[in-house]
Amino acid sequence: MLLQRITFFLIFITCLFFPTIHSKLHSSHANGKQWLPMSRTSFPTSPTPEANSPSANGPFVFNVKSFGAVGDGVSDDIQAFKLAWDAACHAEESGTLLVPNGYIFMIQSTIFTGPCNSNLTFKVDGTICPPDGPDSWPLNSSKKQWLVFYRINGMLMQGSGLIDGRGEKWWNLPCKPHKGSDGTKQLGPSDRPAAIRFFISSNLRVEGLKIMNSPKFHFRFDDCQNVHVEKLIIKSPALSPNTDGIHIENTNNVSIYNSVISNGDDCVSIGAGCYNVDIKNITCGPSHGISIGSLGNYNSRACVSSITVSDSVIKHSDNGVRIKTWQGGRGAVSKVIFNNIQMDSVRNPIIIDQYYCPSKHCHNQSYAVSVSNVSYSNIKGTYDVRSPPMRFACSDSVPCTNLTLSEVELLPAQGKILANPFCWKAYGTVQTLTTPSLLCLLEGNPLTLKPQDGVVWC
């Protein structure tokens with residue numbers, strides 16, 4: 001009997017209060033309130049992030065708008081980007097920093113620092129840009145770089161948006177010794193920022209991005225390893241100075257594929273300390289071509305090896321495939337392959353220059369970075385008649401050795417007269433007939449070079 005009374009009492013209490021509880025729950029849902037899992041990352045109390053929870057697809061998404069970014073192209077959004085970076089970098093699971101479509105975010109120079117807890121994606125679907133020119137650049141910010149990614153291990157940078165370097169006002173600054181506004185000679189160049197720089201980082205992927213009008217280099221990789229770059233569109237005017245598309249220095253295990261680059265300097269430039277670099281299916285130009293160097297400046301030591309450039313097109317450019325070194329340098333360039341490259345109205349389609357000197361006031365020096373084991377195969381197309389189609393200007397003391405050429409056919413873009421190639425102290429082998437005929441290449445090898453002759457082996 002007592003059990004029946006207790007059961008009846010519980011049913012009565014449930015019927016009495018359930019409508020009220022249900023009504024409140026329904027009201028909360030209607031007002032857009034709902035329970036969400038909380039990230040373990042600490043966030044500022046204001047503004048409240050809207051997308052800091054795991055999505056149905058797994059990774060955490062950190063939208064810069066949720067951290068206070070305005071996205072009007074005028075307001076400085078750097079603080080919101082820093083907060084979003086910190087949240088994504090310290091997330092327990094792989095996070096995505098999202099730059100959303102439909103907005104223009106102006107952000108000042110900054111360094112995004114790792115290492116992060118796990119792999120991270122930096123997704124640019126909107127537009128990001130720096131302050132507009134040197135006069136708008138904050139006085140306390142470096143003018144040598146804009147966005148730096150430092151000590152990152154495992155990052156994907158991608159997106160359907162645009163990185164606009166707004167370089168127009170920077171390009172008018174002199175990049176060589178020049179007269180100042182008071183008429184006196186200024187000895188040094190003016191600083192201009194590289195747009196995107198990765199420094200001491202590894203396991204990087206950069207793909208699918210559009211970047212334009214950088215004040216200086218568009219992408220720069222320093223002291224990095226395991227870098228994969230693919231499907232980039234890089235564009236700046238042909239006369240924009242020092243706007244290399246991709247520059248790598250002291251970086252190894254690099255692949256650069258399936259990209260379109262047109263700019264005012266090298267499409268890809270390979271500096272000292274690089275090895276195991278594969279460049280494939282690049283459409284390059286107008287530009288200064290694809291270059292190894294310059295190397296050995298200020299009598300420095302430079303080592304570069306195992307470089308392959310293949311299946312690419314170079315058009316309307318000052319150079320094609322180039323190796324350039326300064327007199328007085330030490331070290332070596334070796335194991336280089338240039339294969340299956342189409343030239344379209346290119347000055348200096350094939351060039352080795354061990355006398356590189358843009359100022360034309362360099363002193364003759366006996367030391368040099370050695371160049372050896374360079375292969376050119378299936379390189380065809382047209383050349384600008386202002387320069388010879390092949391130029392091998394090698395050092396007297398450290399000649400170029402073991403150059404090999406096969407299936408090279410280069411015709412003048414205008415007229416029918418073939419220009420003669422130029423050779424100096426260049427040793428190698430012509431494996432098939434070339435057009436024009438390469439008769440100036442020396443056979444065999446020079447006398448054995450001794451360390452005191454200026455050779456520093458890598």
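The structure is a predicted model, in which local features need pLDDT of at least 70 and side-chain atom pairs count only at pLDDT 80 or more, whereas totals for chains, interfaces and linings use all residues. Residues are numbered from 1 along each chain as its sequence is written, and side-chain values use heavy atoms, with hydrogens and water left out.

A disulfide was assigned to a pair of cysteine sulfur atoms within 2.5 Å. By this rule, 6 disulfides were counted. With bonded cysteines counted along the chain, the disulfides follow the pattern 1-2, 3-4, 5-12, 6-7, 8-9, 10-11.

One of these disulfides joins C303 to C458, with an S to S distance of 1.8 Å. This pair links distant parts of the chain, as C303 lies in strand β24 (residues 301–315) and C458 in the segment after β32 (426–430), 155 residues apart. Helices (H or I, at least four residues) and strands (E, at least two) are DSSP runs numbered from the N terminus. The torsion about the S-S bond of C303 and C458 is about -85 degrees, and the disulfide is therefore left-handed. C303 is buried, at a relative accessible area of 18%, whereas C458 is exposed, at 54% relative accessibility.

A disulfide also joins C89 to C116, with the sulfur atoms 2.1 Å apart. Because C89 is located in helix α2 (residues 78–89) and C116 in the loop between β5 (110–113) and β6 (120–124), the pair ties together parts that are 27 residues apart in sequence. The link of C89 and C116 has a torsion of about -105 degrees about the S-S bond and is therefore left-handed. C89 counts as buried at 2% relative accessibility, and C116 likewise counts as buried at 17%.

C394 and C400 form a further disulfide, in which the sulfur atoms are 2.0 Å apart. The torsion about the S-S bond of C394 and C400 is -100 degrees, and the link is left-handed. C394 is buried, with a relative accessible area of 0%, and C400 is buried, also with a value of 0%.

C224, by contrast, is in no disulfide; the nearest cysteine sulfur, that of C274, is 9.9 Å away. C224 counts as buried, at 3% relative accessibility. C129 is buried as well, with a relative accessibility of 4%.

Terms used:
Buried < 20%, exposed > 50% of the residue type's maximum accessible area, 1.4 Å probe, protein only.
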